[in-house]
Amino acid sequence: YLVKGIQWKNRIGNEYFGANADGRYLLVGVQVKNADREERMIPPFKLLDENGSEYEESSDKMYLGAEAPLLKSLNPGVQKKLTLLFDVPAEHHYTLQASGGYWSSDKATVKLN
């Protein structure tokens, strides 16, 4: 996993097909590569704040289209750029948590702001 950047938004989509954030949308650009020998599903990501609260990805990511697929598998050696979407309070400091896979206990974190 490689974090490519972050962006804050109040709204995603366009004027006809989109959503407004309840808090603020935090978009996290990541690059994912399957370094295994067989196809793997990209596991879900979480955000953690400085108080230990956990945030799941927003279901509003459907408004981002192909850059934020709901379920995606990668073949060995294949990489993909994704945008993760979280609807969170803007006043916290966040860390992105990635896992080694659905059945893995391995986790890695990256401070975002």
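Reply: Strands here are DSSP runs of E with at least two residues, helices are runs of H or I with at least four residues, and both are numbered from the N terminus. Gln97 is found in strand S8. This is a predicted model, in which local features need pLDDT of at least 70 and side-chain atom pairs count only at pLDDT 80 or more, while totals for chains, interfaces and linings use all residues. Residues are numbered from 1 along each chain as its sequence is written, and side-chain values use heavy atoms, with hydrogens and water left out.

The largest nonpolar core has 17 residues, and Val28, Phe45, Leu47, Phe86 and Leu96 are those that touch the most other members. Strand S2 (18-33), strand S7 (79-88) and strand S8 (94-99) are the elements that give two or more residues to this core. A nonpolar core is a set of buried Ala, Val, Leu, Ile, Met, Phe, Trp, Tyr and Cys residues joined through side-chain atoms within 4.5 Å. Buried means under 20% relative accessible area, exposed means over 50%, and partly exposed is in between (1.4 Å probe, protein chains only). In soluble globular proteins, nonpolar side chains tend to be buried together.

Contact means heavy atoms within 4.5 Å. With its neighbours within four places in sequence left aside, Phe86 is in contact with Arg24, Tyr25, Leu26, Val28, Phe45, Lys46, Leu47, Tyr55, Glu56, Glu57, Ser58 and Leu96.

Gln97, in strand S8, counts as buried because its relative accessibility is 15%. Apart from residues up to four places away in sequence, Gln97 touches Phe45, Lys46, Leu48, Lys107, Ala108 and Thr109. Strand S2 holds Gly29, which counts as buried because its relative accessibility is 18%. The C-alpha atoms of Gly29 and Thr83 are 4.6 Å apart, although these residues are 54 apart in sequence. Residues up to four places away not being counted, Gly29 touches Leu2, Val3, Lys4, Gly5 and Leu82.

Charged residues come next. Side chains of opposite charge can pair when their charged atoms come close. A salt bridge is a side-chain nitrogen of Lys or Arg within 4 Å of a carboxyl oxygen of Asp or Glu, and a search of the whole structure finds five. Lys46, one of the contacts of Phe86, forms a salt bridge with Glu54, with the closest N and O atoms 2.9 Å apart. Glu54 is partly exposed because its relative accessible area is 49%, and Lys46 is partly exposed because its value is 24%. Lys46 also meets Glu56 in a salt bridge (3.9 Å, N to O). This pair links distant parts of the chain, as Glu56 is in strand S5 and Lys46 in strand S4 (residues 46-49), 10 residues apart. Another salt bridge joins Glu57 and Lys61, with 3.4 Å between the closest N and O atoms. Lys61 is buried because its relative accessible area is 11%. Salt bridges with shared partners also join Asp36, Glu38 and Arg40 into one network.

Asn34 lies in the loop between S2 and strand S3 (40-41). At 7% relative accessibility, Asn34 is therefore counted as buried. A polar contact is a pair of N or O atoms within 3.5 Å; within protein, one must be able to donate a hydrogen and the other to accept it, and residues adjacent in sequence count only if both atoms are side-chain atoms. The side chain of Asn34 reaches the backbone nitrogen of Asp36 at 2.8 Å, and a polar atom of that side chain lies 3.5 Å from the backbone oxygen of Asn75. Not counting residues up to four places away in sequence, Asn34 touches Glu39, Arg40, Leu74, Asn75, Pro76, Gly77 and Val78.

Finally, Arg11 lies in strand S1 (residues 2-13) and is partly exposed because its relative accessibility is 32%. The side chain of Arg11 reaches the backbone oxygen of Asn14 at 2.6 Å and makes a polar contact with the side chain of Asn20 at 3.2 Å. Neighbours within four places left aside, Arg11 is in contact with Gly18, Ala19, Asn20 and Tyr25.
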